[in-house]
Amino acid sequence: MDTEPRFFETNGPGTGGVVGQPLNRVDGYDKVTGKAKYSAEFPLQGLVYGVLKGSEIAKGKIQSIDTTAAMKEPGVLAVLTHQNLPKLAKTPNDQEGKKAIGAPMGFLPLTSDVVHYAGQPVALVVADTFERATHAASLVRVQYAVEKPLASYQDPKAEIFNPEKVQDDKTKGYTRRGDAQAALASAPVKHSATYTHAINHHNPMEPGSTTAIWESADRLTVYESTQGITRTQKSLATMLGLPQEQVRVVTKYLGGGFGCKGSSWPHTVLTVQAAKAVNRPVKLVLTRQQMFTGMGHREDQTQTLQIGATKEGKLLALVHEKTSTTSPWDNYAEPNSRIINLLYDCPTFESSYQLARANVMTSTFTRAPGEAPGSFAIECSMDDLAYQLGIDPLEIRLRNYAEKDPTNGKPWSSKSLKQCYARGAELFGWNKRNPKAGDTRDGRYLIGMGMATASYPVHNSQGTARVRLYADGHAVVQSGATDLGTGTYTVMTQVAADALGLAPDKVRFELGDSRLPTAPNSGGSVAAGTVSSSVYVAAQEVWQKLKKLAIADKKSPLYRAKVEDVIVEKNRMVLKANKQKGEDFAALMKRNEMSDIEGTGNGKYGAGYESGLAPGPADSGHQDDKGGHSMHSFGAHFCEVHVDAELGTVRVTRWVSVHGAGRILNAKTARSQIIGGNIFGIGAALMEETFRDPNFARYTNASLGEYHIPVNADIPEMTVEFIEEHDPYINAMGVKGIGEISMVGVAAAVANAVFHATGKRVRDLPITPDKVMGVLSV
């Protein structure tokens, strides 16, 4: 369509539709019966299996590789190394190649004899069964010239540097707003604290997997575990030197991603190369251990935050510094300072990033990258400031409430944070909290209550969708999106049903294939807003075509009416001035001998929608400076903990989260998604930590048996609510994403509750019993 319609003007809240209703998952039956096929479950004819052999050292060179024993094993088809792997047209091993490919890491294994990190693939074995490939891989003998690795920025030999930009050049390495140093120096009240965040790994239920089949010499199909089929298609086409349309990527179902499947990692293209080498379809699934060395992680990091304030608790200055570990090639660091600069009204701000190169793979987007660890620093510091001044933690946040975006002075497109505070406090019973920390007990347990603010930005994006409406009353709706498991199949069915005036069971939504209209990654909380808008716009094009058909049809009650005088109510087109005069689409189509009619739509999300300027191709990145409004979701978490004074264990006993996130497409799936993010945050707060040996730069707990995550017994019944929010600026549906905001501020809420229980502050995540006992013994 030439102009994107405004959803709220034609199908707003209260119309009796299915958008917003707690519809059961339309893909649920296929999942519980096993009908749903994940990327490693396509039974292709002639399928063989690939297994990676990882380096046993973290730094050095390969002197020799002996594949003799492996090749003698029954069923082994190939042992591929840097010496015999089919060559690529382009690799990410230089800046030009990395940018063209959109690779997350500026190095591709098996392109040289150099080893940069432990677990780096040094060989790929292909055999007729998985078991034979695994055994043969264990027989490959590699001799190394070993060098001493660096494990992290904490190594005394690490060279700390100030990058000009971080996060793949998306974020400046230094930011200044006003003179924060001078304001801090003259502030009547000061607070300074250092926070550390452990290495975290994603660990989705479904590991990374690739099944590749060359349909011909220059046509490839890949069944891939990815959050973005369009990005993966582009990456593979660029590396292979093929036109993009000759690479097909399919992802019908995804068993979680959490950021690690947002990029195309080395195992994907290595599987494709292996399939070319053996001229057979090849399937490769990363082991649990390889997930720790194959698809990125949240980097180990330290943040120092200095606050200057008045005696009444009004912020005057924020000075933030972050130091973290990066790989030998990339300047990746989470943009922690973004939320610290934005969350509260403060006249001055300064931030800087420091990096140290070590023998690790590049870290990547991990569950609210930047906002989650950044909120830990600012929200714990705000609590400390409140206690220092004798102010209620909720009150100090209200005193510094930002009525407009402090970073650019723009008004918010919508902001319901005060309502989130009020409703959350009411549900939680915040007014019953003992204001004195360390003063509430129940036998051996210390009782604490804490809260924290959540926020996540609306990132610009756009995508496309196709709607085909049939005269028999059903519709097929398509978009090349992915469903992380959070309900995309379901909510897009609801959007299409409402937009077309059909029952949900008359709509089939198809996704997960690069042959479908392009859509952005399911990441950065952009998928729901972008894809729903695309579906809605495509449906409106169908109605526009039907209106024109009716107006030109002498047998139609709408013959010769003006297009602008015809409106749609449910599945009928009627005159605005006389709603009794009209007809449904099925009668019109059958009379005109039309079996179906099709519409396409381009949905924009973010400032590009508001300004009317397309922000670029799907998944175009963070162009957040267009438009007249600052666009963010907001929320608040309230937490109660019981701390065992004798053992130091922390248990979350009550939890409330309230969010303002635009229009909610499905009350049930949205609540489930918020609960999932809350649990992620509790895991990061209390137990998630990957240990990297400081001498050998190897992970020592690289399995789900030793990498601790929450289970049902760790989590109480959770209360989740949404504030009804109308935002006409962000997209045609008024939808903000909720994938990330659910985790932002969670670790801080837990930490603040632990402080309230014990009277002692733990600033080192995760908050494990040894750390709790350490502060209690002071």
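Student: Where is S514 found?
Tutor: In this predicted model, S514 is found in the loop between strand β23 (507–510) and helix α15 (527–552).

Student: Is S514 buried or exposed?
Tutor: S514 counts as buried, because its relative accessibility is 13% and the cut-off for buried is under 20%.

Student: Which residues does S514 touch?
Tutor: Leaving aside residues up to four places away in sequence, S514 touches I229, Q233, V247, R248 and V249.

Student: How is the chain divided into domains?
Tutor: There are domain 1 (7–36 + 461–604), domain 2 (48–148 + 203–292) and domain 3 (406–459 + 629–777).

Student: How many residues of domain 1 are in contact with domain 2?
Tutor: On the side of domain 1 there are 21 residues, and they are in contact with 19 residues of domain 2. The centres of these two domains, taken over C-alpha atoms, are separated by 40 Å.

Student: What area do domain 1 and domain 2 bury between them?
Tutor: The buried area is about 1600 Å², and 46% of that is on carbon and sulfur atoms. S514 returns here: together with L484 and N521 it supplies 35% of the area that domain 1 buries against domain 2, more than any other three residues.

Student: What about polar contacts across that interface, how many residue pairs?
Tutor: The rule finds 10 residue pairs in polar contact across the interface of domain 1 and domain 2. The count of salt bridges between these domains is 1.

Student: Why can such side chains pair at all?
Tutor: Side chains of opposite charge can pair when their charged atoms come close. One example is D513 with R248, whose side chains meet in a salt bridge at 2.5 Å, N to O.

Student: How many salt bridges are there in the whole structure?
Tutor: A search of the whole structure finds 35 salt bridges. Among the residues concerned, K98, D168 and D330 are linked in a network.

Student: Which residue does E717 meet in a salt bridge?
Tutor: E717 meets R671, with 3.7 Å from N to O. E717 lies in the loop between α18 (667–686) and β30 (718–722), while R671 lies in helix α18, so the pair ties together parts that are 46 residues apart in sequence.

Student: And are those two buried or exposed?
Tutor: E717 counts as exposed at 66% relative accessibility, and R671 counts as partly exposed at 32%.

Student: What of K736, which residue is its salt-bridge partner?
Tutor: K736 forms a salt bridge with D727, and their closest N and O atoms are 3.8 Å apart. K736 counts as buried at 3% relative accessibility, and D727 counts as buried at 0%.

Student: Where is the place of Y344?
Tutor: Y344 is in the loop between helix α10 (337–342) and strand β18 (349–357). At 1% relative accessibility, Y344 counts as buried.

Student: Which residues does Y344 touch?
Tutor: Beyond residues up to four places away in sequence, Y344 touches L315, I378, E379, M382, R397, N400, A402, P406, Y421 and T453. Two of these also make polar contacts with its side chain: the side chain of E379 at 2.6 Å, and the side chain of R397 at 3.3 Å.

Student: What separates the C-alpha atoms of Y344 and P281?
Tutor: A distance of 54 Å separates them, and the two residues are 63 residues apart along the chain.

Student: Now helix α8. What span should its 13 residues have?
Tutor: Helix α8 covers residues 266–278, and at 1.5 Å a residue it should span 18 Å. Its end C-alpha atoms are 19 Å apart, which agrees.

Student: How many of its residues are buried?
Tutor: In α8, 11 of the 13 residues are buried, so the helix is largely enclosed by the rest of the structure. The buried residues include P266, H267, V272 and V278.

Student: What comes just after α8?
Tutor: Just after α8 comes N279, which takes a positive phi of about 55°.

How values were computed:
Residues numbered from 1 in each chain as written. Predicted model: local features only at pLDDT ≥ 70, side-chain atom pairs only at ≥ 80, totals over all residues. Heavy atoms only, no water. Helix = DSSP H or I, 4+ residues; strand = E, 2+ residues; numbered from the N terminus. Expected span 1.5 Å × (residues − 1). Buried < 20%, exposed > 50% of the residue type's maximum accessible area, 1.4 Å probe, protein only. Domains from an automatic or database assignment. Contact = heavy atoms within 4.5 Å. Buried area = accessible area lost by both parts, 1.4 Å probe. Salt bridge = Lys/Arg side-chain N within 4 Å of Asp/Glu carboxyl O. Polar contact = N/O pair within 3.5 Å; in protein donor to acceptor, adjacent residues only side chain to side chain.
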